[in-house]
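Me: I am new to this structure and would like a close look at a single part of it. Please take the question below as the starting point and connect the answer to the rest of the chain.

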Amino acid sequence: MGTNHHYAQIHQQNANCFTKKLIAWALYSLIPLALIHFYLFPISPAQTPPPIIETTIEHTKQTNPQCDYFNGTWVKSTIKPLYNGMSCGTIKKGQNCMVHGRPDTGYLHWRWKPDNCQIPPFDPTLFLELINNRHVAFIGDSMARNQLESLLCLLATKSEPELVYSDSKENKFRRWVFKEYNVTVSVFWSPFLVKGLEKSAASGLNHNKLYLDSADEKWASNLNKFDVMVFSIGHWFLHPAIYYEGERVLGCHHCPEFNHTEIGFFGIFQKAINTTLKKVKDELNMSDKLVVVTTFSPAHFEGEWDKAGACSKKEPYKQGEKEMEYMDTEMRKVEIEEVTEAAKEMEATKGRLRIEALDVTKLALMRPDGHPGPYMNPNPFAGGKKERVQNDCVHWCLPGPIDSWNEILLEIVKRWRH
């Protein structure tokens with residue numbers, strides 16, 4: 001036992017001695033290598049890394065320019081919505097599903113998960129800091145208004161918006177101010193983006209009139225006041241209409257009482273988007289501003305719009321469960337193509353204007369559960385079940401899936417500011 005212990009001590013001493021010599025040899029061999037490196041690659045004062053300048057907006061460092069936000073799936077989430085139907089005062093009544101008595105709440109607990117990255121939960125403080133002293137305008141139809149009201153509710157959890165302008169009871173033109181941040185948020189009703197006359201009992205028209213070569217002056221005359229513009233249109237192009245360029249009639253959609261050529265609305269939709277982006281490029285080419293086009297959001301009517309259960313699903317579609325229909329595909333395609341071409345032009349001409357698509361078509365397609373349905377009206381079944389009931393399977397409950405549109409909008413704003 002003692003002999004073994006003695007040999008172990010000798011072995012340990014020899015090992016320690018060898019280790020010390022090995023370390024010394026390694027250090028001596030590294031010194032000439034280091035001298036050669038500094039001789040060949042001297043450190044210049046000009047190459048010294050600049051100091052990191054901390055900003056008040058820490059989250060701008062978290063942008064992911066390679067993230068594809070628009071391909072993914074909806075996953076269950078334990079994160080609660082930032083607001084509810086009682087806490088936010090700017091929700092349009094028809095989208096306040098909670099207050100109107102919608103009994104299920106599962107549609108509130110899903111988050112959009114891109115395939116190759118993460119989208120952080122919406123940060124109202126960060127959004128307000130990023131657009132400090134700026135004006136965000138939502139321009140388009142009722143889907144633009146739906147997205148605007150989602151954003152107002154999200155931001156109101158940090159800072160209360162003050163309504164400083166409203167045109168009428170219809171609330172088609174409104175403006176709010178977040179005084180603490182000097183941020184202005186506004187909405188402009190313009191369902192075609194180009195100059196147009198809408199069908200209505202007041203106008204006596206049973207069809208729309210679109211002048212495709214002229215941007216709608218209601219928003220175009222205010223362009224220089226905006227810093228961020230979010231355009232969102234589509235559903236009004238499905239209605240009967242006559243199309244003009246100047247005073248010349250191009251044709252019409254669904255107008256058998258007129259002797260006009262019937263033409264499809266996809267090409268007309270493309271002309272309207274093209275005219276809109278051309279106007280913005282011509283006016284703001286060298287301005288450090290952001291233009292966002294929110295792509296077409298599909299409806300989810302199953303059968304007749306006034307039949308009970310027109311959009312009664314309680315969960316999102318799974319991957320591959322629902323294919324995009326032809327019309328939805330074409331409307332999205334038009335917007336993506338026009339935005340891509342406009343962005344390329346800005347890059348080629350060294351323009352400072354940034355143009356991006358907020359491509360929500362697939363996200364929206366997969367959420368048949370997120371619409372008001374019969375709860376567009378208060379307590380629709382208070383008197384018992386009904387065979388016929390008015391349904392909204394186009395717009396989105398607030399809170400609801402459309403809040404995710406604004407989470408992605410925040411990521412786009414972060415990339416713009418970064």
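Which residues make the nonpolar surface patch of about 300 Å², and what surrounds that part in the chain?

Reply: The model is a predicted one. The nonpolar surface patch is made by M86, M98 and V99, and its area is about 300 Å². One of these residues, V99, sits in the loop that links β1 (72-76) and β2 (110-114). V99 counts as partly exposed because its relative accessibility is 40%, a value between the limits of 20% and 50%.

Of the 418 residues in the protein chain, 47% count as buried. The secondary structure consists of eight helices and 13 strands. Among the contacts with a separation of 6 or more, 76% are between residues 24 or more positions apart.

Next comes the sheet. Seven strands form an open sheet with mixed pairing, and their order is β4-β5-β6-β3-β9-β12-β13. The edges are taken by β4 (162-166) and β13 (354-358); each has a single partner strand, so one side of each has no neighbour in the sheet. On average, neighbouring strands of this sheet are turned by 15 degrees against each other, direction ignored. In general, strands of a sheet pair through backbone hydrogen bonds, in either a parallel or an antiparallel way. Here, β9 (residues 228-232) and β12 (residues 290-294) run parallel and are joined by four bridges. Within this pair, F231 has V293 of β12 as its bridge partner.

Two helices lie across strands of the sheet. Helix α3 (residues 142-156) lies across β3 (135-140), β5 (173-178), β6 (183-189), β9, β12 and β13, and runs at about 20 degrees to β5. Helix α8 (residues 402-417) lies across β3, β9, β12 and β13, and its angle to β13 is about 160 degrees.

S297 is placed in the loop between β12 and α6 (326-348). S297 counts as buried because its relative accessibility is 5%, and the cut-off for buried is under 20%. Apart from neighbours within four places in sequence, S297 is in contact with M143, H235, A364 and W396.

Conventions: Residues numbered from 1 in each chain as written. Predicted model: local features only at pLDDT ≥ 70, side-chain atom pairs only at ≥ 80, totals over all residues. Heavy atoms only, no water. Buried < 20%, exposed > 50% of the residue type's maximum accessible area, 1.4 Å probe, protein only. Contact = heavy atoms within 4.5 Å. Patch = residues over 30% accessible without salt bridge, like charges linked within 9 Å, V, L, I, M, F, W, Y side chains within 5 Å. Areas by Shrake-Rupley, 256 points an atom, 1.4 Å probe, with all protein chains shown as cover. Salt bridge = Lys/Arg side-chain N within 4 Å of Asp/Glu carboxyl O. Pairing = 2+ DSSP bridges. Axes fitted to C-alpha atoms, helices over the stretch in contact; angles between N-to-C directions.
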